Amino acid sequence: MSLRCDQTPQWPQLQAAFSAHGSRLDLREAFASDAQRFRHFSQQAPQVFADLSKNLWDADTEALLLDMARACGLPQHRDAMFAGQPINSTEGRAVLHTLLRRPRGLALPGDGPDIAQNLAEVHTTLDAMLAYADAVRADSSITDVVNIGIGGSDLGPHMAVLALEQFRDQGKRLHFVSNVDGHELHTVLQSLKARSTLFLIASKTFTTAETMTNARSALAWFAAEGGQDVGRHFAALTTNVEAAKALGITTTFGFWDWVGGRYSLWSAIGLPIAVAIGSAGFRDLLAGAHAMDEHFRTAPLAQNLPVRLGLLDVWYRNFHGFTSRCIAPYHAALRRLSAYLQQLEMESNGKRVGLDGQPLAYATSPVLWGEPGTNGQHAFFQMLHQGTDVVPLELIAVRQPTHPLEGHHNKLLANALAQAQALMVGKKGEDGHRHFPGNRPSTFLLLDELSPASLGALIALQEHRVFVSGSLWRINSFDQWGVELGKVLAKDIEARLDSGDAAGLDGSTAGLLERLRTGH
Ligand code: F6P
């Protein structure tokens, strides 16, 4: 039987361990008294080296967390995901983004009955999509590719295209339009010509208001600019091919309801990535993710990096009570990584009820935020070093640069190391203002190079660590009902902005509606 984390025998033991010594653990002393600390808390996973030693835990705590994970049935839950069981219980769906990066024909122990058929379809669609991407790349008459999509249909592809800019076909400009704010689409359209533009309409459901509004405006602009062939200049990436056709878009690439939006960059939603880096690069991205999947699926829990990170997340959230995690990628190309991780973590684990629908007695998703280093250092790192809250920092660095400029990369890496060191070591100041308390935690993730394969592994690592904490919390990490209410109310208010009808609205909404309509 598997238990919710707070029902396991380890939960009170962890609470006791935290009160007894965990809350007072001093990292400087921990390193001084244990020459093996770095060795114990660091490891090489596929493409990603991780140093977890500058975190506020010790080997005993980690062992208790691992026992708790076993008592919660984490390995069984993980295997159920890989096998295609409907673990997204509120929607009755399997969660199979790992299938999107599984090599053709690979069977795994425990595979559900549909897996082989689904995998065959994945590869048929992937081949078609990648052939299309390579054809677009070879077509010099197309100079601009515009991805219209939001949330998972924007954040993943946009982040990856920026991250892999060194691998890009520089012959094409890629644009990402997500917001319903017409300023965004209008600005992009001003730079385009209908005859040389390809629009990719990316939406799992093909009902999302922002994307549908932008798609209709793009179609109208295309017609008004004398565009001739919608079949050639528009493609839809969606599970709802019928809806795309109803909008007049006949070129379509499908995927399946068992791919969550925020887990979809590996599917047809990744087409902009494939256009940017080509089919071989996209296959490398998938291979990198698959290597991490295999690590997560098969490595012993104590040497399983997504498991260790997820357990650390639970330790920090539920025992230390830390409310946020700061992400600092020390690579400018990873500048959208924090935004991407925000959706991954907060839409997945921002839940207040368990699988049984009952309110939880413990905290779930932290707030994720961050900016690339070194920029963040000159903005909010002050608070990390001397603020009243402790915020665990996750640094992501890349050992080898892909630019030729001398001196820069060592300065960048030195800053990453120095920040983590300063947070931990601190400094006695001559007065309170100049005092650095130190003992502030950080995790250091290191890629040898930023490539499609290493990016794939890094993203899969993050997906799986979110799974781990969500699994211990016994929440459904794969639905997102919390975004629904605002969507419904926006429809109602949109009609009221036209009519001026404020009947039944609260005083503030009615007052603002009037102000927006009339200017006073
Ligand atoms: O509003 C949340 C959400 O449903 C996300 O989960 C999703 O990634 C995004 O909207 C976009 O959805 P779609 O791809 O269906 O347009």
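Rings of Phe, Tyr and Trp (its six-membered ring) pair if their centres lie within 6.5 Å; planes under 30 degrees apart count as stacked, over 60 as edge-to-face and the rest as tilted. The views below come from a predicted model, in which local features need pLDDT of at least 70, side-chain atom pairs count only at pLDDT 80 or more, and totals for chains, interfaces and linings use all residues. Residues are numbered from 1 along each chain as its sequence is written, and side-chain values use heavy atoms, with hydrogens and water left out.

View 1. The structure holds 18 aromatic pairs. One of them joins Tyr132 and Phe253. This pair is tilted, at 4.9 Å centre to centre and 50° between the planes. Tyr132 sits in helix H6 (residues 115-138) and Phe253 in strand S7 (residues 252-254), so the chain positions linked are 121 residues apart. Helices (H or I, at least four residues) and strands (E, at least two) are DSSP runs, numbered from the N terminus. Both Tyr132 and Phe253 are buried. Buried means under 20% relative accessible area, exposed over 50%, and partly exposed in between (1.4 Å probe, protein chains only). Trp369 and Phe380 form an edge-to-face pair, 4.8 Å centre to centre with 65° between the planes. Trp369 lies in strand S9 (residues 367-370) and Phe380 in the loop between S9 and helix H15 (381-386), so this pair ties together parts eleven residues apart in sequence. Phe380 is buried, at 18% relative accessibility. Trp11, Phe18, Trp315, Phe319 and Tyr362 form one aromatic cluster.

**View 2. Helix H5 against helix H12.** The axes of H5 (residues 74-83) and H12 (residues 271-298) come within 10 Å and cross at roughly 140°. H5 is therefore oblique to H12. Axes are lines fitted to C-alpha atoms, for helices over the stretch in contact, and angles run from 0 to 180 degrees between N-to-C directions. Angles under 35 degrees count as roughly parallel, over 145 as roughly antiparallel, 65 to 115 as roughly perpendicular and the rest as oblique. Arg78, Met81 and Phe82 of H5 meet Asp293, Phe296 and Arg297 of H12. Contact means heavy atoms within 4.5 Å. The residues of this contact divide into three nonpolar, no polar and three charged. Ala, Val, Leu, Ile, Met, Phe, Trp, Tyr, Cys and Pro count as nonpolar, Asp, Glu, Lys and Arg as charged, and the others, Gly among them, as polar.

**View 3. The cover over H5.** Seven of the ten residues of H5 are buried. They are Leu74, Pro75, Arg78, Ala80, Met81, Phe82 and Ala83. Their cover includes helix H4 (59-71), H6, H12, helix H13 (305-320) and helix H17 (452-472). Gly84 follows H5 and has a positive phi, near 90°.

**View 4. Cysteines.** The structure holds zero disulfides. A disulfide is a pair of cysteine sulfur atoms within 2.5 Å. For Cys72, the nearest cysteine sulfur is that of Cys5, 5.6 Å away. Cys72 is buried, with a relative accessible area of 3%. Cys326 is buried too, at 0%.

**View 5. Two loop residues.** Ser365 lies in the loop between helix H14 (337-349) and S9. Ser365 is buried, with a relative accessible area of 14%. Leaving aside neighbours within four places in sequence, Ser365 is in contact with Arg317, Glu345, Met346, Asn349, Gly350 and Trp473. Pro437 is found in the loop between helix H16 (408-425) and strand S11 (442-447). Pro437 is partly exposed, at 34% relative accessible area.
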